[in-house]
Amino acid sequence: MYRSRISGLGHFVPENIVTNDELSKLMDTNDEWIQERTGIKERRWIKKGSGETSATMGAKAAKIAIEKAGIDKDEIDFIIFATLSPDMYFPGCGVQIQDMLDLPTIGALDVRNQCSGFVYALSVADQFIKTGMYKNILVIGSEFHSGALDISDRGRGVSVIFGDGAGAAILTRSNDDKRGILSTHLHSEGKHAKELAVEAPSIAHWVPEILSNPDDLSYYPYMNGTFVFKNAVVRFSEVIMEGLIANGLTPEDINILVPHQANLRISQFVQKKFKLRDDQVYNNIQKYGNTTAASIVIALTEAHEEGKVKEGDLVVLAAFGSGFTWGSAIIRW
Ligand code: ACO
């Protein structure tokens, strides 16, 4: 069996910064409430009419990751694209990347696992590489949330949290059995699907039906915030521990934890539980908000660029989100 390692990382966020104060002009909210509850100071939102989308941002992040990996784009064997905000209902963004980057006619897969999307995508890529099927896989997480948020008093509990952005990683086959992705761990609990969801439009509840009822707002995200918080802190902790135990490791072995940037309070809870120092947990939700499937790979890219992820480090990725789904990846860098 081979091992896969992350050989290149890249990220892209829109230029347009939206501060909490700016949001308070659009809805009944304020900087103090948002920072206290979520840690978020600002987020990036695509400017209307700019033409930027999940696919275009993903392509920009991917170009950087390919360059950093030092490979030619034609050496990529497969594309995995994680998003909950695709450009089209179908087909997925993966095929758009194949076209936008002018890649050979390789396979392209979309992953719909929301905040856990990047960890799921990484896990799928890891299996393809381990078994020898592919050598280089492009994994992208990208979200264009701002186009479909309820930016009003009614939607304030959700819309202040989410931001736009993209990240990409190249996974490459390696023969080094001590380094690379050691294991991944994936879970789901579908009975909570509606606690954090956009229910429509869906085939079960299609556009004419929605338009016929002005009170039908099922196309906006719904989140039972308190319930999500309670489940998130438990599942984050469980799945990190599961990954450590599977590799004969303990929390003391962690060099850096890069959690999904759901909410700074959730990350701080997990940090405290595992008795990690500030420099052992990477957070950037303060400047980007929650970018769902993009959040871990954007954070990992920045942590790496800042020299916080070093060769030989034990890097733990962990995610929890809509589904519910959750997962972790244990990586020896
Ligand atoms: N600005 C000001 N006031 C607000 C806002 C806002 N943006 N949103 C809600 N409020 C008000 C509410 O209306 C409510 O007012 P009331 O007491 O008069 O009824 C009050 O603030 C408290 O509302 P709660 O929803 O109870 O606030 P809570 O303290 O639970 O915080 C939050 C909400 C931040 C969403 C919290 O539940 C949370 O952190 N949940 C975790 C979910 C999460 O982080 N999700 C991220 C996305 S999912 C993921 O990535 C896993």
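Predicted model: local features only at pLDDT ≥ 70, side-chain atom pairs only at ≥ 80, totals over all residues.

Biologist: What are the bounds of the domains, and how many Å separate their centres?
Modeller: The domain assignment of the protein chain places residues 3-174 in domain 1 and residues 180-332 in domain 2. Taken over C-alpha atoms, the separation of the two centres is 14 Å.

Biologist: How many salt bridges does the rule find across the interface of domain 1 and domain 2?
Modeller: Between domain 1 and domain 2 there are 19 residue pairs in polar contact, counted with both residues at pLDDT 80 or more. About 4,000 Å² is buried between the two domains, with 65% of it on carbon and sulfur atoms. For salt bridges across this interface, the number that the rule finds is zero.

Biologist: Which element gives the largest share of the side of domain 1 that touches domain 2?
Modeller: The elements that give two or more residues to this side include β1 (3-12), α2 (31-38), β6 (136-143) and α5 (117-130). The largest share amounts to eight residues, and the element that supplies them is α5.

Biologist: How far apart are the end C-alpha atoms of helix α8?
Modeller: Helix α8 covers residues 225-246, and among its buried residues are Val228, Ala232, Phe236, Val239 and Leu244, while Gly248, just after the helix, takes a positive phi of about 65°. Because α8 has 22 residues, at 1.5 Å a residue it should span 32 Å, and this agrees with the distance between its end C-alpha atoms, 31 Å.

Notes:
Residues numbered from 1 in each chain as written. Heavy atoms only, no water. Helix = DSSP H or I, 4+ residues; strand = E, 2+ residues; numbered from the N terminus. Expected span 1.5 Å × (residues − 1). Buried < 20%, exposed > 50% of the residue type's maximum accessible area, 1.4 Å probe, protein only. Domains from an automatic or database assignment. Buried area = accessible area lost by both parts, 1.4 Å probe. Salt bridge = Lys/Arg side-chain N within 4 Å of Asp/Glu carboxyl O. Polar contact = N/O pair within 3.5 Å; in protein donor to acceptor, adjacent residues only side chain to side chain.
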